[in-house]
Amino acid sequence: MRNEDHHCSRDQIPTSTTQILTGHKNEVWFVQFSNNGEYLVSSSNDCTAIIWKVLEDGKLTLKHTLCGHQHAVSFVAWSPDDTKLLTCGNTEVLKPWDVETGTCKHTFGNQGFVVSSCAWFPNSKQFGCGSSDPEKGVCMWDCDGNVIKSWIGMRMPKVVDLAVTPDGEYLISIFMDKEIRILHMGTSAEQVISEEHPITSLSVSGDSKFFIVNLNSQEIHMWDVAGKWDKPLRFMGHKQHKYVIRSCFGGLNNTFIASGCENSQVYIWNCRNSRPIEVLSGHSITVNCVSWNPKIPQMLASASDDYTIRVWGPSLQKKEG
Amino acid sequence: MGRLFLINLEGNFYSCKHCQTHFALEDDIISKSFQCRHGKAFLFDKVVNVTVGEKEERMMITGLHTVVDIFCVVCGSIVGWRYEAAHEKTQKYKEGKFILERFKVLGPDGSLYLAAQAAGSDADD
């Protein structure tokens, strides 16, 4: 039974390129499926983000190109209701977009505004924003640009990445000094986890119970949001030294982790094993980010410095048991 | 090139003279008494935002060392080296430490350093 389950899981793992998306004119730094699995957003060093529509046959088609940033777009966040997107310019402004029309009504920040990442709250009307400026800390804004709340320490370290758990209970911040802070939104109780190496990115599981961080020591660590674990689960085998590389949860029952890599491959782990179960080849240079379709566990997208996005699905050939 | 993960230093730091990428804190200087072909060099405990080259044996004034050159992660210019191993017992304290050539970096006050025209000196310390 256990072997059979494993065999079924492997048949459902994306291992082959099903489509190559070539809408960007420069390195693709970020990619993420919407929560309903119907769209994919990508963002690039060409200063644009693109919204792609996932068609019924699994193919993706270009829906909107979002222009307006003056710098590389390094991060994008879907609102929980999938009606809005926030795009972060690399050390630049923050822009909310309407997904249906592809239009932008406001721009947050200015020349001096240095945003590193952002995260929506479950109401899809407010978001948190992390800054690279130690004076700014973490701010909570509404869509009209009003600052609702700030968490500013005496000397708040630079924020590297930020996430709100899907249940809205925790705000997780990654700081340049290798600390992870888990803030309970209701009680303001805070837990701190220290890592030994710089952390480049953060991703939270769909059930709000776990999160993973990419370290530039070439490991991915999984921690529990409740903060009961003394040490993380570790995943390794990929290459990461110089770049921001992002990973994600996904697959059947969200029991898999996928990550980009500096050697042009996509790595996939089962959460129970620290060594990868699949290594996907196809890109020609660094893979910066991967995203698993939350509704189609066999669909994975990867963003690369080769200017392309690859969509991956199961191999059509049955593998021998 | 991709989205580099750059570490920003605060306080008094040394940075790349070409692209101002942060390299090391003044507080992490172990010694300012080193020499290289462009004049002064400083020994640091920690350096960030560099990539390393190939390991090689290098004869220096103080004896044979195994070193790797270090390059700015952003613009790729060579900025110094890291000591991997020292063969002389008296030089063991250098292992794992970094040299930044003063000529290649901006100082904490933004100052550049003009290479000394040391007569005949061609060896690295």
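Reader: Glu101(B) first: buried or exposed?
Author: Glu101(B) is buried, with a relative accessible area of 6%. Keep in mind that this is a predicted model.
Reader: What does Lys104(B) form with Glu101(B)?
Author: A salt bridge, in which the closest N and O atoms are 3.9 Å apart. That falls within the 4 Å cut-off. Lys104(B) is buried too, at a relative accessible area of 14%.
Reader: Which residues of chain B are joined into one network?
Author: Lys55(B), Arg82(B) and Glu84(B), through salt bridges that share partners.
Reader: How many salt bridges over all chains?
Author: The search of the whole structure gives ten.
Reader: Switching to chain A. What is the N to O distance for Arg246(A) and Asp161(A)?
Author: It is 2.4 Å, in a salt bridge between their side chains. Arg246(A) sits in the loop between β21 and β22, and Asp161(A) in strand β14, 85 residues apart, so the pair links distant parts of the chain.
Reader: And is Asp161(A) buried or exposed?
Author: Asp161(A) counts as buried, at 1% relative accessibility. Arg246(A) has 7% and also counts as buried.
Reader: Which residue does Glu100(A) pair with?
Author: Lys63(A), by a salt bridge with the closest N and O atoms 3.5 Å apart. Glu100(A) is in the loop between β8 and β9 while Lys63(A) is in strand β5, so the bridge ties together parts 37 residues apart in sequence.
Reader: What about accessibility there, Glu100(A) to start with?
Author: Glu100(A) is exposed, with a relative accessible area of 53%. Lys63(A) is partly exposed, at 26%.

Methods
Residues numbered from 1 in each chain as written. Chains lettered and ligands numbered in written order. Predicted model: local features only at pLDDT ≥ 70, side-chain atom pairs only at ≥ 80, totals over all residues. Heavy atoms only, no water. Helix = DSSP H or I, 4+ residues; strand = E, 2+ residues; numbered from the N terminus. Buried < 20%, exposed > 50% of the residue type's maximum accessible area, 1.4 Å probe, protein only.
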